[in-house]
Amino acid sequence: MVTTSSGNHGRAVAWAAKRAGVRATIVMPANTYPNKIEACRAEGAEVVLLPTREEAERECARRVAAGAVLVHPFKQGRTIEGAGTVGLELAKQWPEVEVVLIPVGGGGLVAGSALALGQELGERVQVIGVEPEGAPNLTQSLEAGEVSPLESITTAVQGLCPLDTGELNLALAERYLRGTILLSDEEIFAGQKVLLCAGITVEPAGAAAFAAVLAGALPPELLEGRSASNRLRVACVLSGGNPDPKQVAALLA
């Protein structure tokens, strides 16, 4: 089997392949955090590094055309279902939640979780995706009404910068998502720093949802009529606890 990944999905595929007794190849951009590359190799996967994400995508497609089985990080139904268990767990653990913020990379996590939350809690729960300004692939597709690939990626937030989203993800987002919030890299890194200082190990991509709250980026209408005795119940999904030690050290310094 083969997949492209900037780390976490690749590690999961490598872990599953090892236990199933099959060979896994993870095609990654060369600037992927070293700890994530080594984590994939530690699970027995072959790691192929390409200079850019675009080249990694093309190499993966070439291997699929040659017969490899693709386990896509966000465009396949079963991957979306698996990611959606985050929303299912949240709905069961905190059914009173009113707003759920979820980081957006390719859109599988936000689409699957929004579907689960909508099915479990109905339309009263507001699900909002959070993307870097330098990789607004879901925002752009929602505005266009169709999958609209990015022409360029300028964010340094690994894990939230695929070139596009999937058609199924877009359809689910159109049905279940209130909308998206775009943040600068600086705002996302600021959110990560606050969480790290609080003892929560999180990578930049995983901190994006919390960063939206920290930056005061929630839609103002959600806060109308709220007070200390009538607080808005907000959940932030922290999706990624594998930061690069050098990145963490530089951020905290």
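A pocket, as the word is used here, is an open set of grid points with protein on both sides within 12 Å along at least five of seven lines, and its lining residues are those with an atom within 4 Å of a point. In this predicted model, the largest pocket is lined by 38 residues, and those lying nearest its centre are Asn8, His9, Pro73, Leu109 and Gly159. The volume of this largest pocket comes to about 800 Å³.

Several helices take part in the lining of the largest pocket: H1, H3 (53–65), H4 (77–93) and H5 (108–121) each supply at least two residues. Of these contributions, that of H1 is the largest share, with seven residues. Sorted by class, the lining of the largest pocket consists of 18 nonpolar, 16 polar and four charged residues.

Helix H1, which spans residues 8–20, also packs against helix H2, residues 34–42, at an angle of about 10°, and the two axes lie 8 Å apart. Because angles under 35 degrees count as roughly parallel, H1 is described as roughly parallel to H2. On the H1 side the contact involves Asn8, Gly10, Arg11, Ala14 and Lys18, which meet Lys36, Ala39, Cys40 and Ala42 of H2. By class, this contact of H1 with H2 holds four nonpolar, two polar and three charged residues.

Turning to the chain as a whole, it contains 10 helices and seven strands. Its C-alpha trace spans about 60 × 40 × 35 Å along the principal axes. A compact globule of 253 residues would have a radius of gyration near 18 Å, and the 18 Å of the chain therefore agrees with that expectation.

Terms used:
Residues are numbered from 1 along each chain as its sequence is written. This is a predicted model: local features need pLDDT of at least 70, side-chain atom pairs count only at pLDDT 80 or more; totals for chains, interfaces and linings use all residues. Side-chain values use heavy atoms; hydrogens and water are left out. Axes are lines fitted to C-alpha atoms, for helices over the stretch in contact, and angles run from 0 to 180 degrees between N-to-C directions. Helices (H or I, at least four residues) and strands (E, at least two) are DSSP runs, numbered from the N terminus. Angles under 35 degrees count as roughly parallel, over 145 as roughly antiparallel, 65 to 115 as roughly perpendicular and the rest as oblique. Contact means heavy atoms within 4.5 Å. Ala, Val, Leu, Ile, Met, Phe, Trp, Tyr, Cys and Pro count as nonpolar, Asp, Glu, Lys and Arg as charged, and the others, Gly among them, as polar. On a 1 Å grid over the protein atoms alone, a cavity is a set of points where a 1.4 Å probe fits but cannot get out, and a pocket is an open set with protein on both sides within 12 Å along at least five of seven lines; lining residues have an atom within 4 Å of a point. Grid points are joined across faces, edges and corners, and a volume is the space filled by probe spheres set on the points. The radius of gyration is taken over C-alpha atoms; the globule rule is 2.2 Å times the number of residues to the power 0.38.
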